[in-house]
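Here's a quick briefing to read with the model open beside you. Have a look at the fold, then work through the points below.

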Amino acid sequence: MAQESPKNSAAEIPVTSNGQLEDSHEHSFNRDLKCSLPVGLGLSETKITSHGFDGAKEGVVEAGQFPNKGSSASPKSTVISPSSAAASRLAGQGCDLIIPTGGRAQQKSGPVVLADEVKNPAMEKLELVRKWSLNTYKCTRQIISEKLGRGSRTVDLELEAQIDILRDNKKKYENILRLAQTLSTQLFQMVHTQRQLGDAFADLSLKSLELHEEFGYNADTQKLLAKNGETLLGAINFFIASVNTLVNKTIEDTLLTVKQYESARIEYDAYRTDLEELNLGPRDANTLPKIEQSQQLFQVHKEKYDKMRNDVSIKLKFLEENKVKVLHNQLVLFHNAIAAYFAGNQKQLEQTLKQFHIKLKTPGADAPSWLEEQ
């Protein structure tokens, strides 16, 4: 913008020695300013720039739409004093004020845009920490009050009874699993010993001609027992794998949902207690916003609690159906295999494994060949 504005589009406003605007010229300034603004343009679309000169400092009000790139039209302007009351009134009406910095060089800058809400990552993290701390405090206070018998808790009697039964059954299944693993280890050692004993009898049968038949009979017996023991070992290991999946995956997954349900229950009771305490207190302008906020938080945690309770009920139902089906098949397998082994019924033992689609691993089948190792 040029330093000297044309007289027909600008009006100078003198000020007194003490910096006050003369009342006689304020009306003429407002009239000239209105005339210099285009029709339909408000003060919110006006930007004020300033330039430094050798003498008194002056401000320039630029009116009109900001020209686009390539536009050559220059806006009309009115020269005012930056210390005048009219300039302050314009700034209060939404004009962008740019304070002069002095010097001969003219300085221009575009409109200053201030965001209403500037997101600060540090403030967001601080707010998350604050909410987490407040929630932790409320839940800890609820747990302590429940343990001391001072606070009330929400109890679903039917659901709590099912959860207690599930936890008790899990402990019993874990005990069966440990005993079955011990039996498998002992049976493996016995089968290994029988195989070695059969090899020793077979070696003596070849070297002792006078006891050739006796050593031969014992060698065949021990080898048969070892073979049947391997078949029984395969059935027991299959039983262990199935029960382990049931206990440490299926039941554990349900118990994880139960833990989430219990955490949701504690949060629900904590915010319920907080809301009850606020409702018992006075209701005034300070407490009503707190009560409304507490009511909203209580509703959020109530919905979460209801959802988790529904999820636990569904998982317990499906778990019971799956548990009955799995344990029925595995218990039948275990019984038939043990009975056939100790009865010496090799054919029945092999049929039991076929019935449950169990394939025995041949010794050394899992070991890689020398070519694969290379």
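Predicted model: local features only at pLDDT ≥ 70, side-chain atom pairs only at ≥ 80, totals over all residues.

Residues are numbered from 1 along each chain as its sequence is written, and side-chain values use heavy atoms, with hydrogens and water left out.

**Around helix α3**
- At the start of α3, Asn 120 has a side-chain oxygen within 3.2 Å of the backbone nitrogen of Ala 122.
- After α3 comes Gly 149, with a positive phi near 80°.
- Asn 135, Lys 138, Cys 139, Gln 142, Ser 145 and Glu 146 are the buried residues of α3 (buried means under 20% relative accessible area, exposed over 50%, partly exposed in between, using a 1.4 Å probe and protein chains only).
- The cover over those buried α3 residues includes α5 and α6.

**Glu 267**
- Glu 267 sits in helix α5 and counts as buried, at 14% relative accessibility.
- Setting aside neighbours within four places in sequence, Glu 267 is in contact with Asn 135, Cys 139, His 301 and Lys 304 (contact means heavy atoms within 4.5 Å).

**Aromatic pairs**
- Rings of Phe, Tyr and Trp (its six-membered ring) pair if their centres lie within 6.5 Å; planes under 30 degrees apart are stacked, over 60 edge-to-face, and the rest tilted.
- That rule gives 6 aromatic pairs.
- Tyr 261 and Tyr 305 are stacked, because their ring centres are 5.7 Å apart and their planes are at 25°.
- Tyr 261 belongs to helix α5 (residues 212–280) and Tyr 305 to helix α6 (residues 287–342), so this pair ties together parts 44 residues apart in sequence.
- Tyr 261 is buried, at 1% relative accessible area, and Tyr 305 is buried too, at 2%.
- Tyr 341 and Phe 342 make an edge-to-face pair, because their ring centres are 4.9 Å apart with planes at 85°.
- Of these two, Tyr 341 is buried at 11% relative accessibility, while Phe 342 is exposed at 65%.
- One aromatic cluster is formed by Tyr 261, Tyr 268, Phe 298 and Tyr 305.

Technical notes. Helix = DSSP H or I, 4+ residues; strand = E, 2+ residues; numbered from the N terminus. Polar contact = N/O pair within 3.5 Å; in protein donor to acceptor, adjacent residues only side chain to side chain.
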